Amino acid sequence: MKPAPFRYEAPRSLPDALALLDGEDARALAGGQSLVPMLNFRLAWPELIVDLNRVSELAHLQVRDGALRIGALARQATLHRSDVVAAGWPLLTAAVAHVGHAAIRTRGTVGGSVAHADPAAELPVALTALDARFHLRSRDGERTLSAAELFQGALTTALAPGELLREIEVPAPVPGARTAFLEQARTHGDFAVAGVAALVAPGAHAAIALLGAAAVPVRAVAAERALLDGASAGEVARLAAADVPDHYRRALLTTLTERALERVMA
Ligand SMILES: Cc1cc2nc3c(=O)[nH]c(=O)nc-3n(C[C@H](O)[C@H](O)[C@H](O)COP(=O)(O)OP(=O)(O)OC[C@H]3O[C@@H](n4cnc5c(N)ncnc54)[C@H](O)[C@@H]3O)c2cc1C
């Protein structure tokens, strides 16, 4: 199918983009890898498309004050190729490698993946494990949300009409931490059926985020505590997936989590 008719604007600054998004039935366009199929299938029919691709102030990927700052328009491929990210935040490098294929990552943006909030997407889960902060901007100002506050359901976030994700801030690496991202997909490049992002600094810090346990990324808080209290990888994995209602996903998540923990604690 073809999309319903829409008006198209391509602003060059963030204030201009926010002005266009304010008050109309408008939708931001980033990499287009999810929005364009939605337009073609007429699952979305905005009156106005605001193309963010010329808003260069959204495209950064840099370290400031020890934290990684990912502009919403930074491409998934840029994240994948970054030596700085691989050295400091290898969980992101591992997670983004599972996103689609090279062609998708070349256009697809980190911000688009977060804003689209597909329950099977890898980056929201890795960012949840990393305690990322999400900076949102509208004409009224800026607010910052945690992953738990931002992700509200399948394809649903706390982003309000007229509001853009501006930047994702990932805190400085935890000293001594090791990380693993594992997933099960039908074929490589497919959206995952289940997955896990783990970050462990023995005796100091544990973060386990699950993909496929619910419609949003889930932090396995009780399992993280048990890990720090010295429970085995198997015990922690069973605890992490214990509340997943679907038997198949629960078994998958238990196995993936145990393998991820064995890897980071080896
Ligand atoms: C064949 C195929 C396979 C794929 N496989 C995977 C996969 O395995 N794993 C995975 O995670 N993803 C996968 N994707 C999706 C891909 O990662 C997309 O790039 C991503 O979901 C959306 O990013 P985008 O930049 O293309 O955003 P767009 O498609 O341009 O936008 C998506 C949504 O986010 C909104 N949006 C975008 N940027 C912002 C912003 N800064 N602020 C507020 N709202 C914004 C848009 O309005 C739209 O609603 C796949 C896509 C395709 C086509």
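## A histidine in a loop

H60 touches R69, I70, G71, A74 and E167, leaving out residues up to four places away in sequence; here contact means heavy atoms within 4.5 Å. One of these partners, E167, also makes a polar contact with H60, side chain to side chain, at 2.8 Å. A polar contact is a pair of N or O atoms within 3.5 Å; within protein, one must be able to donate a hydrogen and the other to accept it, and residues adjacent in sequence count only if both atoms are side-chain atoms.

H60 is found in the loop between β3 and β4. Helices (H or I, at least four residues) and strands (E, at least two) are DSSP runs, numbered from the N terminus. H60 counts as buried because its relative accessibility is 16%. Buried means under 20% relative accessible area, exposed over 50%, and partly exposed in between (1.4 Å probe, protein chains only).

## About the model

This is a predicted model, in which local features need pLDDT of at least 70, side-chain atom pairs count only at pLDDT 80 or more, and totals for chains, interfaces and linings use all residues. Residues are numbered from 1 along each chain as its sequence is written, and side-chain values use heavy atoms, with hydrogens and water left out.

Is L52 buried or exposed? L52 counts as buried, because its relative accessibility is 7%. L52 sits in the loop between β3 (48–51) and β4 (61–64). Beyond its neighbours within four places in sequence, L52 is in contact with A17, A28, L29, L58, L73 and L164.

In soluble globular proteins, nonpolar side chains tend to be buried together. In this model, the largest nonpolar core has 39 residues, and those with the most contacts inside it are I70, L92, F134, I168 and V170. Helix α8 (residues 122–129) gives the most to this core, with five residues. A nonpolar core is a set of buried Ala, Val, Leu, Ile, Met, Phe, Trp, Tyr and Cys residues joined through side-chain atoms within 4.5 Å.

Let's look at I168. Not counting residues up to four places away in sequence, its contacts include L68, I70, V110, L127 and F134. There is also a second, separate core of 25 residues, with A180, A233, A241 and L253 among them.

## Around the ligand

Which residues come nearest to the ligand? Of the 30 residues around the ligand (a heavy atom within 4 Å), they are A28, G32, L35, T109 and E122. A polar side-chain atom of E122 lies 2.7 Å from a nitrogen atom of the ligand. An oxygen atom of the ligand is 2.8 Å from a polar backbone atom of A30, and an oxygen atom of the ligand is 3.1 Å from an N or O atom in the side chain of R27. Taken alone, the ligand exposes 980 Å², and the protein buries 88% of that (Shrake-Rupley method, 1.4 Å probe).

The largest share of the shell around the ligand, four residues, comes from α7.

## Two positive phi angles

Most residues other than glycine have a negative phi. D131, in the loop between α8 and β6 (133–138), has a positive phi near 55°. L155, in the loop between β8 (151–153) and β9 (156–157), also has a positive phi near 55°. D131 counts as partly exposed because its relative accessibility is 37%, and L155 is partly exposed, with a relative accessible area of 47%.
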